Amino acid sequence: MFEEPELKQCAECGKDIDPDDTYYIVGDNYLQRNYFDDPDGKDNIFCSKDCLLRSLSVLEFNGDGDDYGFEV
């Protein structure tokens, strides 16, 4: 009997990730131990760099202008 591979889902947006698609995970051991809780790693799978950055609340620093505006 042929078993379909289980689809991974993006931890940020919930999109199904096809087994042939590229996906992103955080490889840093500190973050894996202290930020991600799921023992199966399902909360450390992202469909895009944007979803990964949103999940980690990464801000982009823009030094133009006097207010040093932060953009999400």
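Read from the N terminus on, the elements run β-β-α-α-β-β. Helices here are DSSP runs of H or I with at least four residues, strands are runs of E with at least two, and both are numbered from the N terminus. This is a predicted model, in which local features need pLDDT of at least 70 and side-chain atom pairs count only at pLDDT 80 or more, while totals for chains, interfaces and linings use all residues. Residues are numbered from 1 along each chain as its sequence is written, and side-chain values use heavy atoms, with hydrogens and water left out.

Of the 72 residues of the chain, 15% count as buried. Buried means under 20% relative accessible area, exposed means over 50%, and partly exposed is in between (1.4 Å probe, protein chains only). Among contacts between residues at least 6 apart in sequence, 38% join residues at least 24 apart; a contact means heavy atoms within 4.5 Å.

**The core**

Select C10, I17, V26, F36, I45, F46, C47, C51 and L52. These 9 residues make up the largest nonpolar core. Such a core is a set of buried Ala, Val, Leu, Ile, Met, Phe, Trp, Tyr and Cys residues joined through side-chain atoms within 4.5 Å. In soluble globular proteins, nonpolar side chains tend to be buried together. Stay on C10 for a moment: apart from its neighbours within four places in sequence, C10 is in contact with K15, I17, I45, F46, C47 and C51.

**The cysteines**

How many disulfides does the structure hold? The count is 0, where a disulfide is a pair of cysteine sulfur atoms within 2.5 Å. Select C13, which is in no disulfide; its nearest cysteine sulfur belongs to C47 and is 3.7 Å away. C47 is likewise in no disulfide, with the sulfur of C13 as its nearest cysteine sulfur, at 3.7 Å. C13 is partly exposed at 45% relative accessible area, whereas C47 counts as buried at 18%.

**The aromatic rings**

Next, show the side chains of Y35, F36 and F46, which form one aromatic cluster. The structure holds 2 aromatic pairs. Rings of Phe, Tyr and Trp (its six-membered ring) pair if their centres lie within 6.5 Å; planes under 30 degrees apart count as stacked, over 60 as edge-to-face and the rest as tilted. Y35 and F36 make an edge-to-face pair, 4.8 Å centre to centre with 85° between the planes. Y35 is partly exposed, at 36% relative accessible area, while F36 is buried at 8%. The rings of F36 and F46 have centres 6.3 Å apart and planes at 55°, so this pair is tilted. F36 and F46 are 10 residues apart, and each is in the loop between α1 (29-34) and α2 (49-55). Which is F46, buried or exposed? F46 is buried, with a relative accessibility of 0%.

**Side chains facing the backbone**

Move to N44, placed in the loop between α1 and α2. N44 is buried, at 8% relative accessible area. A polar atom of its side chain lies 2.7 Å from the backbone nitrogen of V26. Leaving aside neighbours within four places in sequence, the contacts of N44 are A11, Y24, I25, V26, Q32 and F36.

D28 lies in the loop between β2 (16-17) and α1 and is partly exposed, at 40%. A polar atom of the D28 side chain lies 3.2 Å from the backbone nitrogen of Y30.

**Two serines**

Select S55 in helix α2. S55 counts as buried at 14% relative accessibility. S55 and E12 are 43 residues apart in sequence, yet 6.1 Å apart in space, C-alpha to C-alpha. Beyond its neighbours within four places in sequence, S55 is in contact with E12, Y35 and F46.

End at S57, in the loop between α2 and β3 (60-61). S57 is not a glycine, but has a positive phi of about 55°. S57 is exposed, with a relative accessible area of 57%.

Technical notes
A polar contact is a pair of N or O atoms within 3.5 Å; within protein, one must be able to donate a hydrogen and the other to accept it, and residues adjacent in sequence count only if both atoms are side-chain atoms.
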